[in-house]
Amino acid sequence: MNGNKKSSLGLGLLLIALVALGGCSGLKRGDFTLLTRSSDQQIHVAQQQWLVQQGQQEYTLEVIVERSADHWRWIMLSQLGQRVATVESLNGQVQIERHQFHAAMQWLPELLQAWQFSYWPLADLQTADPRWQFVERDGRREVSFSGILRATIEYQQITHRANPWQGSLGYVTREFSVRIHSQPLN
């Protein structure tokens with residue numbers, strides 16, 4: 001029996017280690033390849049306030065974003081102005097530097113996807129992966145995967161639809177939603 005207990009303990013520790021390592025991989029939950037380039041040649045720098053809701057939980061973040069044609073960066077801050085994470089695309093790869101714990105970080109892959117689905121040019125998104133379909137009409141963008149609606153982006157409070165970097169938008173899925181208020185800094 002003692003050998004069985006050791007075996008069970010070893011198996012349990014192995015399973016815990018595998019789950020922990022799987023959690024560290026971070027960005028594998030999304031089945032959309034994050035884009036590191038944009039066809040929009042203009043440099044966008046904005047201060048954004050994010051309200052993330054998942055069930056009864058709400059998280060707020062201040063995010064300074066920068067996007068150019070071949071690079072993008074986030075500096076994520078807590079409500080107290082402390083840096084939570086820096087996320088950026090470098091040489092075609094997404095890199096994450098976590099500075100401190102914040103509950104919203106569990107949604108990082110989905111937040112990155114929401115940001116790209118909301119702010120990237122429609123043509124870039126449509127050519128990234130044929131399984132994903134993007135349709136814009138009447139102040140909203142609908143995102144479907146293999147014909148199933150996955151997200152809706154409402155641009156109703158954007159000052160000028162051609163510039164989503166000024167104003168507020170709402171991104172909604174079944175799992176969570178994020179309200180982003182954006183103020184250009186350039």
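These legends accompany close-up views of a predicted model.

Residues are numbered from 1 along each chain as its sequence is written. In this predicted model, local features need pLDDT of at least 70, side-chain atom pairs count only at pLDDT 80 or more, totals for chains, interfaces and linings use all residues, and side-chain values use heavy atoms, with hydrogens and water left out.

**View 1. The chain holds three helices and ten strands.**
Helices (H or I, at least four residues) and strands (E, at least two) are DSSP runs, numbered from the N terminus. Along the sequence the pattern reads α-β-β-β-β-β-α-α-β-β-β-β-β. The chain has 186 residues, and 41% of them count as buried. Buried means under 20% relative accessible area, exposed means over 50%, and partly exposed lies in between (1.4 Å probe, protein chains only). Among contacts with a separation of 6 or more, 45% join residues 24 or more positions apart. A contact means heavy atoms within 4.5 Å.

**View 2**
Two strands pair if DSSP finds at least two bridges between them.

**View 2. Strand 3 pairs with strand 2 and with strand 4.**
Strand 2 and strand 3 are antiparallel, with six bridges. A hairpin of four residues links them. V63 has M76 of strand 3 as its bridge partner. M76 in turn has A85 of strand 4 as a bridge partner. Strand 3 and strand 4 are antiparallel over five bridges. Five residues lie between them in a hairpin, and G81 in that turn has a positive phi of about 80 degrees.

**View 3. Strand 8 (residues 148-160) meets strand 9 (residues 163-172).**
The two strands run antiparallel and share six bridges. T152 stands opposite V172 of strand 9.

**View 4. Twelve aromatic pairs are found in the whole structure.**
W72 and W74 are a tilted pair, because their ring centres are 6.3 Å apart and their planes stand at 50 degrees. Rings of Phe, Tyr and Trp (its six-membered ring) pair if their centres lie within 6.5 Å; planes under 30 degrees apart count as stacked, over 60 as edge-to-face and the rest as tilted. W72 is buried, at 0% relative accessibility. W74 is also buried, with a relative accessible area of 0%. W50, W72, W74, W115, Y119, W120 and W165 form one aromatic cluster. Over the ring of W120 sits the charged end of R67, 4.7 Å from the ring centre. A charge sits over a ring if NZ of Lys or CZ of Arg is within 6 Å of the ring centre and within 35 degrees of the ring normal.

**View 5. F117 and W132 form a tilted aromatic pair.**
Their centres are 5.2 Å apart, with 55 degrees between the planes. F117 belongs to helix 2 (residues 108-119) and W132 to strand 6 (residues 132-137), so the pair ties together parts 15 residues apart in sequence. Both F117 and W132 are buried.

**View 6. The largest nonpolar core has 41 residues.**
A nonpolar core is a set of buried Ala, Val, Leu, Ile, Met, Phe, Trp, Tyr and Cys residues joined through side-chain atoms within 4.5 Å. W50, W74, M76, W115 and V178 have the most contacts inside this core. Helix 2 gives the most to it, with seven residues. Leaving aside neighbours within four places in sequence, V178 is in contact with W50, L51, V52, L111, A114, L169, G170 and Y171.

T36 is buried, with a relative accessible area of 15%. Not counting residues up to four places away in sequence, T36 touches A69, D70, H71, W72, S89, G92, Q93 and V94. N91 has a positive phi of about 50 degrees although it is not a glycine. Phi of D138 is positive, near 50 degrees, in a residue other than glycine.
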